[in-house]
Amino acid sequence: MRTAYGVETVRAAERELMARLPDGALMQRAAAGLAAACADLLGRVYGSRVVLLVGSGDNGGDALYAGARLARRGAGVTAVLLAPDRAHAGGLAALRRAGGRPVGLDAAGELIERADLVVDGIVGIGGKGGLRPDAAPLADAAARSRAAVVAVDLPSGVDADTGEVRGAAIRADLTVTFGTHKPGLLIDPAREYAGVVRLVDIGLALPADAAELEALQHADVARLLPLPGAETDKYRRGVVGIAAGSSRYPGAAVLAVAGALRGGAGAVRYVGPAADAVIARFPETLVSDRGPKKAGRVQAWVSGPGAGDDAATVAEVLATDVPVLLDADGLRLADAGTVRERGAPTLMTPHAGEAAALLGVSREEVEGARLASVRELARRYAATVLLKGSTTLVARAGGAGAVRVNPTGTGWLATAGSGDVLSGLGGSLLAAGLPAVDAASVAAYLHGLSARFAADGAPLGAHDVAEGIPEAWRDVRVG
C-alpha cells in the first residue's frame with residue numbers, strides 16, 4: 001500500500017533522523033537522489049544546460065547540492081537566487097566549487113528559455129497559498145520553455161497537506177519527493193502539477209497510524225476480493241438489492257444491475273419501475289414489484305441511481321438493517337438525520353456537484369479542496385463517503401483516519417452511467433461482507449482499471465466499463 005504523510009509528521013521524522021546523523025547528511029541523501037533523477041531525465045548530462053530556481057529554505061539547499069553534482073558531471077548549472085542573502089550557504093559554496101554560478105532574478109527569463117532542465121527549489125513542503133509575486137513569473141517562464149521541469153519534494157505553490165492550489169504554482173514534468181509521498185502529490189488539483197512522482201528513500205521512520213492518505217495497490221486489492229469456496233452458495237456470496245431507475249431513467253437500473261452482477265454478487269434483486277428493461281438485458285435478475293421490504297433476502301442495498309423523486313423507496317431502504325449504498329438521486333432524497341442514526345453501514349458515492357449540494361458550497365470549492373470536502377461529508381453524515389472525480393477519495397465514517405485515494409482512474413470514465421456501474425459494483429462488495437471503506441476502495445480500483453482496459457486510449461460507454469470488470473478482477477488476482 002502506498003501511503004502519504006502530512007508535513008508535521010514528516011518534519012518530526014526528519015528531526016529524529018537528523019539527530020542521529022552527521023550534520024548535513026540527510027540533505028546530501030536527498031540531493032543525491034535528486035541529482036540521479038535529473039540525470040536520468042536528461043539522458044546526457046555533459047553539456048546540458050541546467051537552471052536551478054532556489055528559494056531560501058532547505059528545499060533550495062537540496063537543489064544547490066544536486067546542481068553541484070550535475071556540474072561535476074559536465075552540466076552548465078546556473079542558480080537563480082530568489083533571496084541571495086538567505087540562500088543555503090553550504091549548498092551555494094558546493095555549487096561554486098563545482099563550477100556552477102549564482103545569478104539574480106533579472107537573468108532568470110533568458111536562462112530558463114535556453115535551459116534543458118529547470119529544477120524547482122523555490123518553496124518546500126511548508127509553502128501555502130501559491131507563489132509570491134516575485135516567484136510567479138518563474139512558473140510562467142518554465143511553462144513556456146522547452147525545458148523539462150523537476151520539482152524538489154513538491155511543486156512550489158501547491159499545498160502539501162491538502163492538494164489545494166490557491167495561486168500561481170510550478171507545473172513539473174517530474175517531482176522527486178523524499179522519504180514519503182505527501183498528500184498533495186496524490187490529490188487533484190495539485191496532482192496535476194506534480195507530473196510523474198519519484199520517491200527517494202532517505203531513511204525516515206514514519207508511524208503507520210499517522211498516514212493521511214492510503215492508495216491501494218494490486219496486492220492489497222487481491223487480498224480483499226471476496227472469492228467463493230467449495231461450499232459457497234449464492235447467499236454466501238452475497239445478495240444485493242438494487243432500488244434504482246425510473247420510467248425516465250430505466251438505463252440507470254440496467255447499469256447498476258450490470259455492475260452488481262459483474263462484481264461477484266451471488267444474486268441481484270431488483271425493485272423498481274425498470275423491471276422489464278432489467279430482465280430484457282439480465283434475465284438472471286430477481287425482480288419484485290412489492291418494494292424493498294418485501295423483496296426477499298438481501299445483504300446490502302443500492303439506492304438512488306435514476307430514482308427521480310422516489311423518496312419513499314430511499315427511506316424504505318434506509319430503514320433496513322443491512323449496509324446501504326446511496327448514489328445520485330438517493331443522495332438528494334435521503335434524510336441526513338436518518339443516515340446518521342443508522343445502525344448498519346452507509347456508503348455515499350457523490351460526485352463533486354452532488355457533494356457541493358450536500359455541503360451547501362459551490363462545486364468549485366469541492367473540487368479545489370477535495371480532501372477537506374470528503375472528510376467533512378463523512379463527519380456530517382457519519383457515513384463512509386466515496387467522492388468521485390479525477391482523484392476518487394474514500395473517507396471512513398466520521399472522517400477520521402487515513403483517507404483512501406484511488407490510483408486507477410482515467411478521464412474516459414467521465415461518461416454518462418459510469419457512476420451507476422460503480423454503485424452496483426460497490427453494492428455487491430458490501431453484500432459479500434466487505435467493510436464499507438474496503439468495498440468502496442476495491443470498487444473504485446476495479447472500476448478505474450476496467451475503464452482503462454475497455455478504453456485502451458479511445459472513448460467508451462458505461463456498459464463497456466461493466467463488461468470490463470471481470471478482466472480487471474483477473475488482472476488484480478494474477479498481478
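Arg379 and Glu376 lie 3 residues apart in helix 17 (residues 370-381), so about one helical turn separates them; helices here are DSSP runs of H or I with at least four residues, strands are runs of E with at least two, and both are numbered from the N terminus. The two side chains form a salt bridge in which the closest N and O atoms are 2.5 Å apart. A salt bridge is taken as a side-chain nitrogen of Lys or Arg within 4 Å of a carboxyl oxygen of Asp or Glu. The model is predicted: local features need pLDDT of at least 70 and side-chain atom pairs count only at pLDDT 80 or more, whereas totals for chains, interfaces and linings use all residues. Residues are numbered from 1 along each chain as its sequence is written, and side-chain values use heavy atoms, with hydrogens and water left out.

Glu376 also forms a salt bridge with Arg380, with the closest N and O atoms 3.1 Å apart. Arg380 and Glu376 are 4 residues apart, about one turn of helix 17. Arg379 is partly exposed at a relative accessible area of 48%, Arg380 is partly exposed at 30%, and Glu376 is partly exposed at 22%. On this scale, buried means under 20% relative accessible area, exposed means over 50%, and partly exposed lies in between (1.4 Å probe, protein chains only).

The whole structure contains 24 salt bridges. One of them joins Lys388 to Asp327, with 3.2 Å between the closest N and O atoms. Lys388 lies in the loop between strand 16 (384-387) and strand 17 (393-395), and Asp327 in the loop between strand 14 (324-326) and helix 13 (329-333), so the pair ties together parts that are 61 residues apart in sequence. Both partners fall in the buried class: Lys388 has a relative accessibility of 15%, and Asp327 has a relative accessibility of 1%.

The domain assignment of the protein gives domain 1 (2-214) and domain 2 (218-478); such bounds come from an automatic or database assignment. The centres of the two domains, taken over C-alpha atoms, are separated by 40 Å. Contact, defined as heavy atoms within 4.5 Å, involves 13 residues of domain 1 and 14 residues of domain 2. The size of an interface is often given as the accessible area lost when the parts come together. Domain 1 and domain 2 bury about 1100 Å² between them, with 51% of this area on carbon and sulfur atoms; the value is the accessible area (1.4 Å probe) that two parts lose on being put together, summed over both. Between domain 1 and domain 2 there are 3 salt bridges. Glu214 and Arg396 meet through their side chains in a salt bridge of 3.6 Å, N to O. These two residues belong to a network of salt bridges that also links Arg404 and Asp438.

Strand 2 (residues 49-54) has 5 of its 6 residues buried. Strand 2 pairs with strand 3 (residues 76-81) in the parallel sense over 6 bridges, pairing being assigned if DSSP finds at least two bridges between two strands. Within this pair, Val51 stands opposite Thr78 of strand 3. The chain passes from strand 2 through helix 3 (residues 58-72) to strand 3 in a right-handed β-α-β crossover; right-handed means that, with the strands pointing away from the viewer, the path from the first strand over the helix to the second runs clockwise. Strand 2 also runs parallel to strand 5 (residues 117-121), to which 5 bridges join it. There, Val50 has Leu117 as its bridge partner.
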